[in-house]
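Biologist: Please take a close look at the charged side chains in this model. Which of them pair up, and where do they sit?

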Amino acid sequence: MSLIQRNNPFDLDRFFDNFLAPASSNNEMGSFFAPRVDVRDGEDHYEITAELPGVDKKNIHVHVKDGVLTLEAEASQSEKEEKGGRVIRQERRYGRYLRSFDLGGDVHDEDINASFKDGVLTLTAPKVKPNVPEPRRIEIQ
């Protein structure tokens, strides 16, 4: 299994295009954030944990197509304060999250499980057991 590269942090042309994306509320192109993930390789499964702060469980969609696992989520800004003054700094992210993983041939797509607790999504993808041919005795006639 491998991550599908979304953005290269050293690509300075794209860095400045997306620099103010979290502060913008309406972007016609739609801005996506790649959630932070941990990928663990267990003996019989892969485990992917993704941070999705401020996301409601009903706004998380995970699907598999052509061997690519895609995680989509949306965090909406529900707390709109109408206090006087202006926003000096806004660091919390609101918008859409998107991340994809190439499962390769060693994952059983149908048995992927997901759980969500305290803003952390956990996906468990069982590995396909290698087909080891068993020796077969051939009778001599």
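**Charged pairs up close**

Modeller: The model is predicted. Start with the rings: a search of the whole structure turns up zero aromatic pairs. A ring does take part in another way. Lys127 lies over the face of Tyr46, 4.9 Å from the ring centre.

Lys127 also has a charged partner. Its side chain meets that of Asp41 in a salt bridge, 2.4 Å from N to O. Lys127 lies in the segment after strand S9 (120-126) and Asp41 in strand S3 (residues 37-41), so the pair ties together parts 86 residues apart in sequence. How exposed are the two ends? Lys127 counts as partly exposed, because its relative accessibility is 22%. Asp41 counts as exposed, at 54%.

The whole structure holds three salt bridges. Another one joins the side chains of Arg96 and Glu72, at 3.1 Å from N to O. This pair links distant parts of the chain: Arg96 is in strand S7 and Glu72 in strand S6 (residues 68-75), 24 residues apart. Both count as partly exposed: Arg96 has 35% relative accessibility, and Glu72 has 22%.

Arg137 and Glu139 also meet through their side chains in a salt bridge, at 3.8 Å from N to O. Arg137 is exposed, with a relative accessible area of 71%. Glu139 is exposed too, at 59%.

Strand S7 (residues 95-102) also holds Ser100. Ser100 counts as buried because its relative accessible area, 14%, is under 20%. Its side chain makes a polar contact with the side chain of Thr70, at 3.4 Å.

Methods. Residues are numbered from 1 along each chain as its sequence is written. This is a predicted model: local features need pLDDT of at least 70, side-chain atom pairs count only at pLDDT 80 or more; totals for chains, interfaces and linings use all residues. Side-chain values use heavy atoms; hydrogens and water are left out. Rings of Phe, Tyr and Trp (its six-membered ring) pair if their centres lie within 6.5 Å; planes under 30 degrees apart count as stacked, over 60 as edge-to-face and the rest as tilted. A charge sits over a ring if NZ of Lys or CZ of Arg is within 6 Å of the ring centre and within 35 degrees of the ring normal. Helices (H or I, at least four residues) and strands (E, at least two) are DSSP runs, numbered from the N terminus. Buried means under 20% relative accessible area, exposed over 50%, partly exposed in between (1.4 Å probe, protein chains only). A polar contact is a pair of N or O atoms within 3.5 Å; within protein, one must be able to donate a hydrogen and the other to accept it, and residues adjacent in sequence count only if both atoms are side-chain atoms. A salt bridge is a side-chain nitrogen of Lys or Arg within 4 Å of a carboxyl oxygen of Asp or Glu.
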